[in-house]
Amino acid sequence: ATAVLHRAEGAGVVRSLDLSMKPSVPAAWTQREQSFLLQDAILTVEYDQKIQPSIHVPVGDFFGNAWRERHYGSALLAVGPPGWVSRWPMPYAQGIRISLVNNADRAVRASVRVETTNDRKPSHGYLHANWRRSGPFTGRPHPLADFKGRGKFVGCFLSVTGDENSWWLLEGDETMVVDQETRPSWRGTGLEDY
C-alpha cells in the first residue's frame with residue numbers, strides 16, 4: 001500500500017522531515033523481519049506534479065541504514081529514537097507530495113513531521129535520490145549514479161553484502177566520468193577507501 005504522508009501546494013522548501021515507522025503489531029514481527037522493513041518501505045517524493053518521483057529510495061538507504069538500524073547524527077541526517085531525520089533542503093515551485101510505499105506483507109504505522117518555509121528562490125535546485133541494486137558481475141562496474149544536465153553531486157550511500165565469507169567485494173577502483181570524457185576525471189584507489 002502507499003500512503004501520502006505530506007502534501008503542499010505552491011512554492012516552498014521542506015527544511016526538515018522527521019519520519020517514524022514501525023510494524024502495526026511489533027510483537028508479530030521478528031527482529032530480522034523488522035530489519036527487512038528498512039528495505040521494504042520506500043520513501044517517494046514528487047515535486048511540481050511531475051510524473052516520475054524525484055526521490056524513490058528504500059527508507060533505510062535514504063537515511064544511511066541499509067540492513068539494520070544504527071543510531072547516528074550529522075548536520076543533514078540523523079537516526080535515533082523515535083525515528084529518522086532529514087535536513088536536506090527540498091525546494092519545490094508548485095507543490096510537493098511525500099509518500100511511503102509499504103512493500104512488506106503486513107501493515108506498518110508511520111508518522112511524519114515536516115517543517116517548511118516559503119523562501120524558495122528560482123535559483124534553487126531539486127533534491128534527487130535514486131537507488132539501484134546489482135549482482136556479482138565479475139569485471140563489470142556497479143553504476144552508482146548517472147546524471148544528465150546541471151547540478152551538484154552531494155554523495156552516495158553504498159551498502160554491500162557478500163555471497164561468501166570474504167572482504168574482497170570492494171576492491172574495484174571507483175571512477176567518475178564527466179561530460180563524455182574519454183578517460184575518467186577521477187580514478188580512486190579502491191571502493192573500500194572511497
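**Note on the predicted model**

1. In this predicted model, the 22 positive charges and the 21 negative charges of the protein have mean positions 6 Å apart. Lys and Arg count as positive, Asp and Glu as negative, while His and the chain ends are not counted. Each charge is placed at NZ of Lys, CZ of Arg, CG of Asp or CD of Glu.

2. Some ground rules. Numbering starts from 1 along each chain as its sequence is written, and side-chain values use heavy atoms, with hydrogens and water left out. Because the model is predicted, local features need pLDDT of at least 70 and side-chain atom pairs count only at pLDDT 80 or more, whereas totals for chains, interfaces and linings use all residues.

3. The protein has two helices and 12 strands, in the order β-β-α-β-β-α-β-β-β-β-β-β-β-β. These are DSSP runs numbered from the N terminus (helices H or I, at least four residues; strands E, at least two). The C-alpha trace spans about 50 × 45 × 30 Å along its principal axes.

4. Of the 194 residues, 31% are buried, meaning under 20% relative accessible area with a 1.4 Å probe, protein chains only. Among contacts (heavy atoms within 4.5 Å) with a separation of 6 or more, 65% link residues 24 or more positions apart.

5. Strand 3 (residues 41-47) is largely enclosed by the rest of the structure, because seven of its seven residues are buried. A41, L43, V45 and Y47 point one way, and I42, T44 and E46 the other. Strand 3 runs antiparallel to strand 9 (residues 95-102), with seven bridges between them; E46 has R97 as its bridge partner there. Strand 3 also pairs with strand 4 (residues 55-58), again antiparallel, over four bridges, and T44 stands opposite H56. Pairing requires at least two DSSP bridges between the strands.

6. The largest nonpolar core has 30 residues, of which I55, V59, F63, M90 and I96 touch the most other members. Such a core is a set of buried Ala, Val, Leu, Ile, Met, Phe, Trp, Tyr and Cys residues joined through side-chain atoms within 4.5 Å. Beyond its neighbours within four places in sequence, I96 contacts H6, R7, A8, V14, V45, E46, Y47 and M90.

7. P91 lies in strand 8 (residues 90-92) and is buried, at 7% relative accessible area. Its C-alpha atom is 7.7 Å from that of A11, 80 residues away along the chain. Leaving out residues up to four places away in sequence, P91 touches G12, V13, Y47, R120, H124, G125 and Y126.

Terms used
Buried < 20%, exposed > 50% of the residue type's maximum accessible area, 1.4 Å probe, protein only.
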